[in-house]
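Thanks for making the time this morning.

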Amino acid sequence: MNTAETLRNTTIDPVHPHIASLDGLRFIAAGSVLFSHGYFYILLSQQNSGITAYNAPFVALANIGMTLFFVLSGFVIHYNYGSSVSLPGGVRAFFVARFARLYPLFLLVFVISTVEVFRTADGKVDNLGPIPLYLTFTQSWWFWVFGDRPASEAYSNATGLMWSLSTEAFFYLSYPLLAPVLRRLAGTRLAVVGCIVALIGAGLAYELTEYRGYLNNWAALYTGNPQASHDFSHWLVYNSPWIRIFEFLIGAVTAQFVMTTRVEPARALVAGSAALAVIVVAYVYCNVLLLPLSGAITTCVAGAFGILMGASAVKGQVFSRALSNRWMVFGGEASYSLYLLHYWVMHNLGHRFADNQPLVTRIALFVILMLVAVAVARISYLFYERPMIRIVRRFFSIRPRAERYDESIGEGIKAEAPPVSVSLNSGS
């Protein structure tokens, strides 16, 4: 009997152990965004003219963070829900789990941010129109324009980070349709599909960047708003789910590979090192030369992110050990809070304390405020985010169909799974 094949064809996966290194990767993703935004807000005082070949790789680190987030999302979602989403009630359980994970903290930040917007409104900007899009996580699904700004930038405050939640929501809506297909892939077919997905995503990102002028001109005709249309190509390649979904799929394919293939630590180390080298060289090259492709280069090499992630999931080598460090895991658990709350620390407090200060003072404040942001995120995770996840799940009475580690609250969840009949006469 081919045990691996039999397990792949059953309705319940064997219980997959928690991969602590993924928490470390989440912390790196959120930390990259934190560093990038803080550098721009505090050290460059939000002056685009201050961006040079020497500091562009630091300013653009958010690109690394966002691609890492989306590839991680695909990996974690498929790793945790690949089998249960196809069970009776599995789709409902999946969406409630995702709602519980994202919505409470989002709603808190959104309400505080929009209250401030309405308090200082001058009546010249449409502040009501974008609200339904934000509340339904659809603001990045199309190039919605309000005045001279796209919906994702409608309020020019902490809500500017929420485009990624909308893009994630699109992935979640698509995933139950994709999961059964991904679950049937293994071996050579899986590798081929992964390569095709990576190549299509890279090709689209590259070509759309090359034709950004034509795209923006078309958007000017479509919207009748030349000023807002300058953001169209950026929205299409960077914010919209239509290109980013290839990163999510790469993560899901990587998870399927990890669940169906045994990789020796030595080989994982070689593959992970090569992927890291590709990411670093491509990223630094594009940013140092200030190429237009620098905004999409991480999408172009998203396949390398998937390989690095798969290598990090293999225990017994340096990537896994470094990313599974206790402090990396602590930071990773609070990565969502760090992502949504760091704007208030790095932007609001940063401008209050750092503006008009000498460079040495701004550097010190930059470091201190990054540490403050991590501390605030950890407090938010422990006292708001995690309790709200439990409350929402309890309200909807969700009982997961299979025991699995839930990455959102960092705990094992046990529930009864329906009996599975596995034939021992598989003919192999």
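This is a predicted model: local features need pLDDT of at least 70, side-chain atom pairs count only at pLDDT 80 or more; totals for chains, interfaces and linings use all residues.

Residues are numbered from 1 along each chain as its sequence is written, and side-chain values use heavy atoms, with hydrogens and water left out.

Helices here are DSSP runs of H or I with at least four residues, numbered from the N terminus. Two packed helices are described by the angle between their axes and the distance between the axes. Axes are lines fitted to C-alpha atoms, for helices over the stretch in contact, and angles run from 0 to 180 degrees between N-to-C directions.

Let me begin with helix α4, residues 61-81, which packs against helix α12, residues 241-260, at an angle of about 45°, the axes being 7 Å apart. The two are therefore oblique to each other, given that angles under 35 degrees count as roughly parallel, over 145 as roughly antiparallel, 65 to 115 as roughly perpendicular and the rest as oblique.

Turning to helix α7, residues 163-183, its axis comes within 9 Å of that of α12 and crosses at roughly 45°. That makes α7 oblique to α12 as well. The contact, meaning heavy atoms within 4.5 Å, involves residues including W163, T167 and F171 of α7 and R244, I245 and F248 of α12. The residues of this contact divide into 13 nonpolar, 3 polar and 2 charged, where Ala, Val, Leu, Ile, Met, Phe, Trp, Tyr, Cys and Pro count as nonpolar, Asp, Glu, Lys and Arg as charged, and the others, Gly among them, as polar.

Leaving aside neighbours within four places in sequence, R244 is in contact with residues including M66, T67, F70, W163, T167 and F171.

Finally, helix α13, residues 265-288, has buried residues that include A268, G272, A275 and I279. What covers the buried residues of α13 includes α3, α4, α14, α15 and α16. After α13 comes L290, whose phi is positive, near 55°.

Definitions and conventions. Buried means under 20% relative accessible area, exposed over 50%, partly exposed in between (1.4 Å probe, protein chains only).
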